[in-house]
Every structure is written in C-alpha cells, then in structure tokens.
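Hi,

Here is the structure I promised to pass on to you.

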Amino acid sequence: MVRVASIIIDDAYETIDASQTILDAAKKMKTTGLPDLIVVENEEVKGVITDYLITTCIVAETKDPQTTSVIDAMQPIPPVELTTSVEEALQRLQKYAVPVVPVVFKGELKGLVSVQDCWSVIPAEYWSRFEK
C-alpha cells in the first residue's frame, strides 16, 4: 500500500492565515502562481482555499473580497498524516470536493497531496473503488 509520504508535495505550497481577506489570498495566489492555499489558524491546519472557491463563493455571490475573511470561503478539510494511505487521502479529497489535502506529521504541516498525485499511483484495477 502506497503512503502519502511517497507523493507529498513539500516544496510548492503556501499557507494563509484564516483571518486574512480573500483579496490577500488572491494576491498570494497571483504572486506564487498557486491555485490553492492551506488555511491555518494559530499554526493549526483548518482547510484549503482555492481559486475556484474564490470565484464561486465570493465573486459570483458579489461578496467583497476586501472584507471577507478566508475562513468564510475556505473548505474545511482534516489533514492527512504522512502514514495515511494514498487511497484514504483520495477518499478524503473526494468527500470534501477539493483538489488538495494538507499533510501533517505530529500536528506540524509538511506539505500537501493533490488528486492528480493520488491517481498517478493507484493501479487502474482499483479505480472503480473511487467512482461516484
């Protein structure tokens, strides 16, 4: 069984504090070139904010990105551990409908795992387990 530790992205992710604004998140996404940010509060992982969530929950709802906090638009998702199986990580990604899940070790953020990375190591004969 493949573990998250073998596919973790530990060098191309960014965090944003839950209290920052959506405008702050969008600017950070623009400067880093990353479509997803891990949301933290007091060093604890709370979830993720994605460009898609900003578009659908803020822009399309005509909310003010200068006053709306990241925590109000983020998708809460419990992080996975380095020892979590890739299959379990993929199930969590599907359950919460997000493209990435944060990865922690002993409560400390270590990186993230993407849907694409999970699919790349799951043998085709097991794909039917994950079909909706």
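**Salt bridges and the sheet**

Glu41 is partly exposed, with a relative accessible area of 31%. By that I mean between the two limits used here: buried is under 20% relative accessible area and exposed is over 50%, with a 1.4 Å probe and protein chains only.

Before going on, please keep in mind that this is a predicted model: local features need pLDDT of at least 70, side-chain atom pairs count only at pLDDT 80 or more, and totals for chains, interfaces and linings use all residues. Residues are numbered from 1 along each chain as its sequence is written, and side-chain values use heavy atoms, with hydrogens and water left out.

Back to Glu41: this residue forms a salt bridge with Lys46, and the closest N and O atoms are 3.9 Å apart. A salt bridge here is a side-chain nitrogen of Lys or Arg within 4 Å of a carboxyl oxygen of Asp or Glu. Lys46 is partly exposed too, at 26% relative accessible area.

How many salt bridges does a search of the whole structure find? The count is five. One of them brings together the side chains of Lys28 and Glu14, at 3.8 Å from N to O. That pair links distant parts of the chain, 14 residues apart: Lys28 sits in helix H1 (residues 22–32), and Glu14 in the segment before strand S1 (15–17). Helices (H or I, at least four residues) and strands (E, at least two) are DSSP runs, numbered from the N terminus. Lys28 is partly exposed at 25%, and Glu14 is partly exposed at 29%.

Lys110 and Glu108 also meet through their side chains in a salt bridge, 3.3 Å from N to O. Lys110 has a relative accessible area of 30%, while Glu108 has 47%; Lys110 is partly exposed, and so is Glu108. Through shared partners, salt bridges also join Glu41, Glu44 and Lys46 into one network.

Now the sheet, which may be the part to look at on screen. Three strands form an open sheet in the order S5-S6-S7, with mixed pairing. Two strands pair if DSSP finds at least two bridges between them. Strand S5 (80–81) and strand S7 (108–114) are the edge strands, each pairing on one side only. Helix H3 (residues 86–96) packs on the sheet and touches S5, S6 and S7, and its direction makes about 135 degrees with that of S6. Contact means heavy atoms within 4.5 Å; axes are lines fitted to C-alpha atoms, for helices over the stretch in contact, with angles from 0 to 180 degrees between N-to-C directions.

S5 and S6 run parallel and are joined by two bridges, with Val80 having Val103 as its bridge partner in S6. Strand S6 (residues 100–105) and S7 run antiparallel, joined by six bridges. Within that pairing, Val100 has Ser114 as its partner, and Val103 stands opposite Gly111. The hairpin of S6 and S7 has two residues between the strands, and Lys106 takes a positive phi near 55 degrees there. S6 is mostly covered, with five of its six residues buried.

Last, the cysteines. A search of the whole structure finds zero disulfides, a disulfide being a pair of cysteine sulfur atoms within 2.5 Å. Cys57 is partly exposed, at 28% relative accessible area, whereas Cys118 is buried, at 0%.

Best wishes
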